[in-house]
Amino acid sequence: AIRLALLSAHYRQPLDFSRDALKASKQTLDRFYTALREAGDVKAEGTSVPGEITAALEDDLNTPLALSALHELATALNKAPRDSEKAKLKGALLAAGAELGLLQADADAWRKGRYIDLQVHVSAVAPSVTYDIEVIRGEQWVKEKIAAREAARKAKNFEEADRIRAELEAQGIVLEDKPDGTSDWRRAG
C-alpha cells in the first residue's frame, strides 16, 4: 500500500502522503487482488508487460498513467466473459503489477490480511510509529472462531453465533456466509 501511494503521484509533483492516501491505496490494491481472485483458477497467460504500461513509464516515468492502465486491466478482467480472455488479462495484470512492484502477494493471502505481518515488523523497528490495528489475530484464531460460530449455529444458539460474529468484526474480520452453510472471511479494508 505504501508503494502504491508513492507511485500515485508523478515524481515531479508533491506527494500527499497521509493515512487517507494509504487507506485509498489499500482499497485500490484490494480491488486489484479481488479481480485476480475472481478470475478463479484461470491460469495466467503471458508474462510480457502491456504496451500501455511501458509507454507510460517511458514517458518521463509517468506512474499515475501506468496505474490508470492497471485499473483498466482490472476492469477488463472483471468483465471478461471467457476464460481465454481472462487468462490473457490476468497475465497482463500480473506482469504490469510486477513491473511496478505491485501484486506480488497471493490474492487469497492479501484478502485474508497475511501481509499485516510486515506492519508488525515495521512497528518493532520503529516503535514510535502507531497503527490503527491494536491486536493482530492469527489465521488459526479466526478459523477456530468460525468453527465455534458454525457449531453454535448448528445448535441453534444464534445469540452465541452473533456474539462470535461481533467479536470477529471487532478484530477487523468480515465473515461472508455462503449458501452451502459455510463461511469465508477476509480482513476489513
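**Close-up 1. Elements around the second largest pocket.** Three elements, α2 (19–38), α6 (107–111) and β2 (183–187), each contribute at least two residues to the lining of the second largest pocket, helices (H or I, at least four residues) and strands (E, at least two) being DSSP runs numbered from the N terminus. The structure is a predicted model, in which local features need pLDDT of at least 70 and side-chain atom pairs count only at pLDDT 80 or more, while totals for chains, interfaces and linings use all residues. Residues are numbered from 1 along each chain as its sequence is written, and side-chain values use heavy atoms, with hydrogens and water left out. With six residues, α2 gives the most to this lining. Twelve residues line the second largest pocket, and of these Asp30, Thr34, Arg111, Arg186 and Arg187 lie nearest its centre; a pocket is, on a 1 Å grid over the protein atoms alone, an open set of points where a 1.4 Å probe fits, with protein on both sides within 12 Å along at least five of seven lines, and lining residues have an atom within 4 Å of a point. The volume of the second largest pocket is about 170 Å³, taken as the space filled by probe spheres set on grid points that are joined across faces, edges and corners.

Close-up 2. On the surface, Ile2, Leu6, Leu15 and Phe17 form a nonpolar patch, and together they have about 380 Å² of accessible area, computed by the Shrake-Rupley method with a 1.4 Å probe and, for residues, with only the protein chains shown as cover. Such a patch joins nonpolar side chains (Val, Leu, Ile, Met, Phe, Trp, Tyr) within 5 Å, from residues with over 30% relative accessible area and no salt bridge. Leucine 15 is placed in the loop between α1 (2–7) and α2, and its relative accessible area of 39% makes leucine 15 partly exposed, a class between buried (under 20%) and exposed (over 50%).

**Close-up 3. The salt bridge between aspartate 60 and arginine 12.** The side chains of aspartate 60 and arginine 12 meet in a salt bridge of 2.9 Å, N to O, a salt bridge being a side-chain nitrogen of Lys or Arg within 4 Å of a carboxyl oxygen of Asp or Glu. Aspartate 60 lies in the loop between α3 (51–58) and α4 (63–79), and arginine 12 in the loop between α1 and α2, so the pair ties together parts that are 48 residues apart in sequence. Aspartate 60 is partly exposed at 33% relative accessible area, whereas arginine 12 counts as exposed at 57%. A search of the whole structure finds twelve salt bridges.

Close-up 4. Arginine 163 forms a salt bridge with glutamate 160, the closest N and O atoms lying 2.8 Å apart, and both residues belong to helix α9 (residues 158–170), where they are three residues apart, about one turn of the helix. A network of salt bridges links Lys145, Glu160, Arg163 and Glu167. The side chains of arginine 165 and aspartate 177 also meet in a salt bridge (2.6 Å, N to O); this pair links distant parts of the chain, with arginine 165 in helix α9 and aspartate 177 in strand β1 (residues 173–177), twelve residues apart.

Conventions
Patches are made of residues with over 30% relative accessible area and no salt bridge: like charges are joined within 9 Å, nonpolar side chains (Val, Leu, Ile, Met, Phe, Trp, Tyr) within 5 Å. Buried means under 20% relative accessible area, exposed over 50%, partly exposed in between (1.4 Å probe, protein chains only).
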